[in-house]
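Please examine the structure shown below before reading on. The paragraphs that follow proceed from overall properties to individual backbone features.

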Amino acid sequence: MTGAAFLLLLILTDGGSCKVCSYQDVLDYLNLTADNSVFKLTRPVRDHTHITVVKLDIIVYAILAVVEKTQTFVPLVWASMQWNNEFISWDPAQFCGITQVSVPKDLLWKPDLFIYEMIEKDDSPQYPNIMVNFDGTITAGDDIRVVSTCKMDVHKFPFDTQECSISIGSAVYCEKEMRILPSSNSSRVTQFSQQIMKTQGEWEFLRLSVNNSLLTFENRSWDTLIYTVTIKRRPLLHVINFLLPILFFLSLDLASFFISDHRGEKLGFKVTVLLAISVLLVILNDILPAMSNQTPLIATYCIVIFALMLLSLLETILVTYLIEKDEFSPQENQESKQKNTKTKNCDREDEEHTICKSICRDAEKERQHEILPVLEEVNSTLLSGESHVLLLILDELKMLQKAVHVHLGCREEKVKLVSWAKRINRSFFICYAVTVFLFLYLIFREWKL
């Protein structure tokens, strides 16, 4: 009876005792402190021939900017990597089942991975800790704002699809010391990225592919992991703000052929439309990169339309010149002829007045001596004056006849020039319209709309 009571007391005592464990106990067991440089100075292998395998995952969850002018791609990615530290291990059973511990990043060695295409230092906030598992597996993750260069093909802008690469490799360790492998395949990282995508702007995320490659230099090879982000532009904004206004201006230029050529409204209207196209070309220059392998279709679209409208303006200037040339020339000729006729009439009146004065003066001198001879002389003088007046009238009739012939000839020439101007205008309109529709068909076919 006494033995049974003692055994029961022993059982109760063992069952009531509970072991208390903390993360610090694990760190003390590992001797993982800030002063211990064993874990952070060199690659964590017990034998230098061992290869450190780094498993990497990158997930895109925001497309912040795509700048065509500078060919810059700015995504926000989540980078997660795992590697093994051979100096770290413990038995979870000895530490109350603790399987992982979070420690500051500065306490442990980390792979020196960097992005080849990165052109700006990442200034996004970093996570201060990394996770350490009982078997020595280290897991680290960070948000990275990647400002990278990307070779863009803007030939089909704004209906283009771009592929930008994020190449990740080690700066020091070659493939014999470190291997970089993807944790997930292309379909899995694409699915994860589509599920957590926060913002895309004017772009649509299509897929994220991953593959390995080797970078060789001076008989050394570095393992490189390449993530290729494929995005497609949403063209609605550019269509509304750029393509449609140019098409509307082209339609207005076609409609301007129905404006009368006799006044200057048509010419002023075409100049205004051409200036509007020039403003849109300046805007386009701020969007497209300075250098490109192929001429962007939108640049061809704008330049050809600008050239067609310039030809239309030159044709309008020619037609207006032909019409206005003969509207003002006959009037100016007629005015000059009228001035010459008035001058001649005035000269003739002065001449007749002078003749009359001389006749009167001679008559007064000889009146006292010979009356009859004077009368005869006066009669002869009057007769000569009347004949002179008749000759002047005849000259005027001849000049009037010549003026009528000139006026009729100019009028016939004017009718011919106006007819030619109308024919030129009609023929140019037909050719212009056919060229415009053919060009639009070819350009939109190339865009595959």
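**Surface, fold and backbone features**

The protein exposes about 27,500 Å², of which carbon and sulfur atoms supply 61%; accessible areas come from the Shrake-Rupley method with a 1.4 Å probe, and for residues only the protein chains shown count as cover. This is a predicted model, in which local features need pLDDT of at least 70, side-chain atom pairs count only at pLDDT 80 or more, and totals for chains, interfaces and linings use all residues. Residues are numbered from 1 along each chain as its sequence is written, and side-chain values use heavy atoms, with hydrogens and water left out.

The protein has 449 residues, and 35% of them are buried (under 20% relative accessible area, with exposed meaning over 50% and partly exposed in between; 1.4 Å probe, protein chains only). Its secondary structure consists of seven helices and eleven strands (DSSP runs numbered from the N terminus: helices are H or I of at least four residues, strands E of at least two). Of the contacts (heavy atoms within 4.5 Å) between residues at least 6 apart in sequence, 78% join residues at least 24 apart.

Attention now turns to the loops. Between strand 1 (52-67) and strand 2 (72-84) lies the loop that contains Q71. Q71 is not a glycine, yet its phi is positive, at about 55°. Q71 counts as buried because its relative accessibility is 18%.

The loop between strand 2 and strand 3 (100-104) holds C96, a residue other than glycine whose phi is also positive, near 60°. With 43% relative accessibility, C96 therefore counts as partly exposed.

A cis peptide bond, with omega about 5°, joins F157 and P158. P158 is located in the loop between strand 7 (148-149) and strand 8 (161-170).
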